Amino acid sequence: MALLLTGGTGFIGSHTAVEFIQAGYDVVIADDLSNSSADVVDRIETITGVRPAFAQADMCDADAVEKIFAEHAIEGVVHFAGFKAVGESVEKPIDYYRNNLLSTLTLLEVMKRFGCKVFVFSSSATVYGENNPIPYVETMPAGGCTNPYGWSKFMNEQILTDAAKADPSLSVCLLRYFNPIGAHESGLLGDDPSGIPNNLMPYITRVAKGVLPKLSVFGNDYPTVDGTGVRDYIHVVDLAKGHLAAYKYAAEHTGTEIFNLGSGRGTSVLELVETFKRVNGIDVPYVIAPRRAGDIAEFYADASKAERVLHWRTEKTVEDMCRDSWNWEQKGAQKR
Ligand code: UFG
């Protein structure tokens with residue numbers, strides 16, 4: 001029996017593939033390579049000593065998905081594949097809804113035909129929207145999203161919840177990620193966005209490397225510890241281990257469970273920049289810039305449910321995240 005990791009050559013998918021393989025699972029990676037590269041499969045093999053099966057496939061393509069299920073005995077799906085750029089989703093909402101929703105629907109249909117009953121979904125803290133108090137708890141009402149990317153996560157959660165209601169033998173885990181950064185400590189896997197990065201850590205590493213001149217800190221007048229935005233950063237290897245714990249749980253239960261995957265601690269933009277400078281001994285020039293549209297001041301997870309139910313919690317520190325991100329930028333990152 002094998003596990004299908006869709007989007008398995010991407011940032012979070014590739015780290016999760018490593019953790020599953022190291023735990024003894026047989027892994028099949030499917031990715032259309034629209035935002036990642038096939039040599040990630042080689043890198044996963046270098047780290048684990050095991051080469052996962054790989055299919056270049058779009059999860060919206062029912063024939064391609066069917067072929068994967070026909071060729072491998074898939075016992076469960078961890079669905080990472082999707083478009084993920086918040087700003088782009090505002091420009092191209094139809095593309096985002098088509099891709100991010102149709103892939104889930106296609107997987108559910110094919111899973112049904114093949115009797116596959118476990119679905120772990122890559123959701124986001126963005127589904128808590130703008131109106132919930134912090135820390136975010138899984139029981140809070142979701143919605144109030146600020147962009148089509150966020151709504152596509154919210155809608156996928158609804159689709160999966162309804163599918164599990166209609167089929168009592170189905171098991172669904174909705175994993176709400178906070179802010180994944182860091183990289184594999186080998187320097188072989190990490191976040192490698194093409195073009196100018198939207199997210200904070202890849203921007204910091206490229207400024208440190210001299211590829212970009214300076215970081216713009218978006219706002220220093222928020223009601224936070226130092227006026228800059230506060231987020232719950234989680235090391236991608238901890239996040240990957242959270243998937244392993246969630247999958248094991250899902251394989252033994254039915255119905256839908258939601259888990260926050262975060263550290264439960266907030267870090268401001270300037271705290272992250274200062275930590276990066278200190279642990280790596282390198283400067284990161286920055287300027288204070290206006291607030292970015294759609295940003296909220298501060299959010300972090302109540303991470304207690306995952307600890308209680310999955311016996312998982314984050315182990316790595318913000319220092320680890322800064323060190324590993326910089327190691328990756330120097331050794332592994334390629335697209336420029
Ligand atoms: N920031 C800067 N300068 C930059 C980039 C970011 O100051 O160049 C700040 C932002 O204003 C924010 C913080 O750094 O305060 C983090 O920003 P990111 O873009 O790294 O992350 P976000 O919290 O905005 O978004 C992330 C994911 C989304 C997800 C969201 C909610 O990228 O996919 O968390 O979970 F929807």
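Author: Gladly! On a 1 Å grid over the protein atoms alone, a cavity is a set of points where a 1.4 Å probe fits but cannot get out, a pocket is an open set with protein on both sides within 12 Å along at least five of seven lines, and lining residues have an atom within 4 Å of a point. This is a predicted model, in which local features need pLDDT of at least 70, side-chain atom pairs count only at pLDDT 80 or more, and totals for chains, interfaces and linings use all residues. Residues are numbered from 1 along each chain as its sequence is written, and side-chain values use heavy atoms, with hydrogens and water left out.

Reader: Which residues line the largest cavity?

Author: The lining is made up of Phe11, Pro180, Ile181, Gly182, Asp191, Met201, Pro202, Thr205, Ser325, Trp328 and Glu329. Two or more of these residues come from each of β7 (179-181), α7 (200-209) and α11 (318-331); helices (H or I, at least four residues) and strands (E, at least two) are DSSP runs, numbered from the N terminus. The space in this cavity is about 80 Å³, a volume being the space filled by probe spheres set on the points, with grid points joined across faces, edges and corners.

Reader: What makes Asp167 and Lys117 a salt bridge?

Author: The rule asks for a side-chain nitrogen of Lys or Arg within 4 Å of a carboxyl oxygen of Asp or Glu. Between the side chains of Asp167 and Lys117 the N to O distance is 2.9 Å, so the pair meets the rule. Asp167 sits in the loop between α6 and β6 (171-177) and Lys117 in the loop between α5 and β5, so the pair ties together parts that are 50 residues apart in sequence.

Reader: Why does Lys117 count as partly exposed?

Author: Buried means under 20% relative accessible area, exposed over 50%, and partly exposed in between (1.4 Å probe, protein chains only). Lys117 has 29% relative accessibility, so the label is partly exposed.

Reader: How do you know whether Lys165 is buried or exposed?

Author: Its relative accessibility is 63%, so Lys165 counts as exposed. The side chain of Lys165 forms a salt bridge with that of Asp162 at 4.0 Å, N to O. Asp162, at 37%, counts as partly exposed.
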